[in-house]
Structure formats: structure tokens, C-alpha cells
Amino acid sequence: MGWRPGESLLSLETMTPFPDYPTPADEEERLRSLERTLLLDTESDADLDRITTLASETLDTPIALISLVDRERQWFLSRVGLEASQTPRSMAFCAHAITQCSTLVVPDALDDPRFNTNPLVVSEPKIRFYAGAQLRPQDGQALGTLCVIDRTPRQFSPRQLHWLQLFSEQVSREIELRQRLARCPITGFFRRSAFEVLCQKEFERARRTQGSLTLLLLSVQNLDQVRGLAEATAPDGLVGELAERFTALAMEPDLLGRYSDACFAMLLVGASQQRVEAVSETLRGALVRSLHPQLLIGLSRLEADDLSAADLLIRADNDLFLARAGEPINPLPGP
């Protein structure tokens with residue numbers, strides 16, 4: 001299975017220290033983008049395995065990997081010629097590759113001071129040659145690499161580097177396709193199961209950084225009635241316009257989900273009390289096609305004794321239940 005975060009590596013205790021890896025300036029944003037692919041620790045994928053196999057055979061290297069660089073590890077989404085499923089990030093050539101402006105090529109790791117004492121070089125798999133091209137899906141963050149590895153020193157021609165880049169671009173497109181499967185096709189928001197997984201990730205981040213989280217559950221009480229008034233040729237246009245309103249209020253780290261047909265979710269990350277109130281009031285005043293959908297809002301904030309993101313979700317759902325017990329909130333004209 002390979003190394004896991006939190007496990008000790010006894011073999012490192014007697015090894016010569018090796019240089020630390022560089023960290024991207026926008027590391028927390030990069031890690032958030034990686035989390036939101038929902039690819040870490042997933043099952044192997046035949047389409048991705050075909051790409052790594054093609055890369056290995058085309059470029060004549062015994063090892064080819066799709067490596068995702070996580071907070072403490074690199075995890076292999078696909079691998080050919082290597083048994084381990086992950087390694088510590090401190091050992092990862094790919095941790096260096098994601099900070100480069102172009103493909104990282106190491107002709108002979110024993111001649112490179114960044115790697116010549118690395119355990120992956122001086123012991124199995126005894127890496128000598130490495131070439132890694134970044135994986136950059138739509139949001140532009142370097143999530144990891146498609147890399148090829150050899151146990152003997154070598155050079156790559158411009159043509160071989162071009163092929164490696166083409167393979168990495170294909171992997172990036174495959175990642176984008178998988179991201180779309182986790183989202184509602186009408187709104188682009190995360191489906192409920194994905195939203196809840198990512199809420200937990202933000203909960204863990206907030207605990208590490210003493211950050212704030214506010215969860216809003218937004219229920220459109222009369223969605224079916226309003227749909228009946230909308231054009232029959234575009235019944236989903238209403239939901240799309242609602243989604244646009246919600247998206248316009250979201251900031252870069254915020255999380256949007258479609259909880260059910262008529263219920264949406266917004267996780268405001270690091271939002272001040274003033275912003276939370278402004279978002280809530282704007283949502284209550286939102287108009288769509290001048291058909292006046294009635295919005296109810298359930299709200300919860302991260303509390304010191306919360307054990308997981310589930311606590312926020314339960315409180316927001318309870319708050320929404322109480323709101324439903326009263327009169328629906330009639331919207332005011334939008335700004």
C-alpha cells in the first residue's frame with residue numbers, strides 16, 4: 001500500500017538528510033482545488049491507466065505515474081511499474097515539478113543536489129531519470145504531474161518532451177470530465193454527496209487555521225408553482241437563473257451545492273458577520289424572471305464544540321425546518 005500520512009518511516013532515521021521541497025505561493029488555494037476534484041484515494045480508472053501505459057511505452061520508461069501532490073504526500077491516481085500507491089511529499093520529485101514554469105527534467109538524480117540523497121534515489125526504486133509535466137485543469141492550479149521515471153540516466157529530445165506534455169494535457173482533460181460528474185449539470189453546483197465531503201474538508205481546514213464557516217441552506221418553497229409560470233420550453237431556466245444569483249454572491253473559497261431539486265447550499269468560508277448578513281438579505285431579495293420565488297433560509301455557524309461538518313449541516317437543516325413552520329418569506333425587490 002505504501003506510506004500513509006502519520007506513519008513513521010524507520011528507514012529514514014539513518015539516512016542522510018535531503019533538501020526540503022519548495023512550496024507554491026498559493027499553496028492553500030492549490031490544495032483546495034485538489035480537494036475539489038474529489039479524486040484523492042479513489043479507485044483505479046481504466047481510461048487513466050491507458051494514458052500512463054501509453055506514456056510508459058511511447059517514452060520507453062519502466063515507470064509512469066499520475067501523481068497528485070497533497071498536503072503531506074503524493075498519491076498516485078494511476079501508476080505503471082511501481083507498487084507503492086503514495087510516498088511522503090518530502091520525497092516527491094513531483095513536489096518540485098509543480099513549482100516549475102515548465103516540465104521538470106532530471107537527467108541524473110545522483111548528479112542533482114536536490115535529489116542525490118533522496119531515499120527514492122539511493123534505495124528502491126532507485127530513480128535516476130525523471131520527467132514530470134504539470135496537470136493543470138480548468139482553474140489553472142498545478143495539482144500534480146504526469147511523470148515518467150527510469151532507473152538509468154538519460155536525456156529527452158524535444159519531441160519526447162512534447163509527447164509528455166500532450167499526455168499530461170489529456171490527463172488534465174480527464175480530470176475535468178470527472179469533476180463535472182460530481183456537479184449538477186444545470187447549476188454547476190456540487191451534488192449533495194460531493195458537497196458534504198467537501199464541507200468536511202473545509203471544516204478540517206477551519207480547525208487548523210481557526211477560520212470561520214457559515215452554512216446557508218436555501219429552499220425555494222414554490223419552485224413547482226413558479227416553474228408552471230415559466231416558459232414551458234425552458235423549465236430549467238429558472239433554476240439556472242437562481243444559480244446565477246447564488247454564484248454572484250459567492251467568493252473564491254466558498255462552496256455551492258444543489259442539495260435537492262428545490263434546495264441549495266452555500267458554505268461561506270472565512271466570511272465576516274457583516275458579509276453573512278449581506279448575503280442573506282440579498283438572497284431574500286432575489287428576483288428571478290419577476291416571478292417571485294419564495295426563499296427560506298436555514299443558517300448555522302461553526303462552533304467551538306462542533307465535531308465535524310455534519311454538526312453545521314444538522315443545525316442548518318433544523319433552522320430551515322423551523323423556517324418552514326412559519327410563513328414563507330416573500331422576496332423584496334433585488335438591488
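**Exercise 1.** Which residue stands opposite Gly-132 in E5?

*Solution.* The model is a predicted one. Begin with the pair of strands: E4 and strand E5 (residues 129-135) are joined by three bridges in the antiparallel sense. Opposite Gly-132 in E5 stands Leu-104.

**Exercise 2.** State the strand order of the open sheet, and explain why one side of E3 and of E4 is left without a neighbour.

*Solution.* The six strands of this open sheet follow the order E3-E2-E1-E6-E5-E4, and their pairing is antiparallel. Strand E3 (86-88) and strand E4 (104-106) stand at the edges; each has a single partner strand, so one side of each has no neighbour in the sheet. On average, neighbouring strands are turned by 25° against each other, direction ignored.

**Exercise 3.** Classify the packing of H1 on H6 as roughly parallel or roughly antiparallel.

*Solution.* Helix H1 (residues 27-35) packs with helix H6 (residues 192-209) at an angle of about 155°, their axes 10 Å apart. Angles over 145 degrees count as roughly antiparallel, so H1 is roughly antiparallel to H6. The crossing is right-handed. From H1, the contact uses Glu-28, Leu-31, Arg-32 and Glu-35; from H6, Leu-198, Lys-201, Glu-202, Arg-205 and Arg-208. Sorted by type, the contact residues are two nonpolar, no polar and seven charged.

Terms used
Residues numbered from 1 in each chain as written. Predicted model: local features only at pLDDT ≥ 70, side-chain atom pairs only at ≥ 80, totals over all residues. Heavy atoms only, no water. Pairing = 2+ DSSP bridges. Helix = DSSP H or I, 4+ residues; strand = E, 2+ residues; numbered from the N terminus. Axes fitted to C-alpha atoms, helices over the stretch in contact; angles between N-to-C directions. Parallel < 35°, antiparallel > 145°, perpendicular 65-115°, else oblique. Left-handed = near helix turned anticlockwise from the far one by under 90°. Contact = heavy atoms within 4.5 Å. Nonpolar A, V, L, I, M, F, W, Y, C, P; charged D, E, K, R; others polar.
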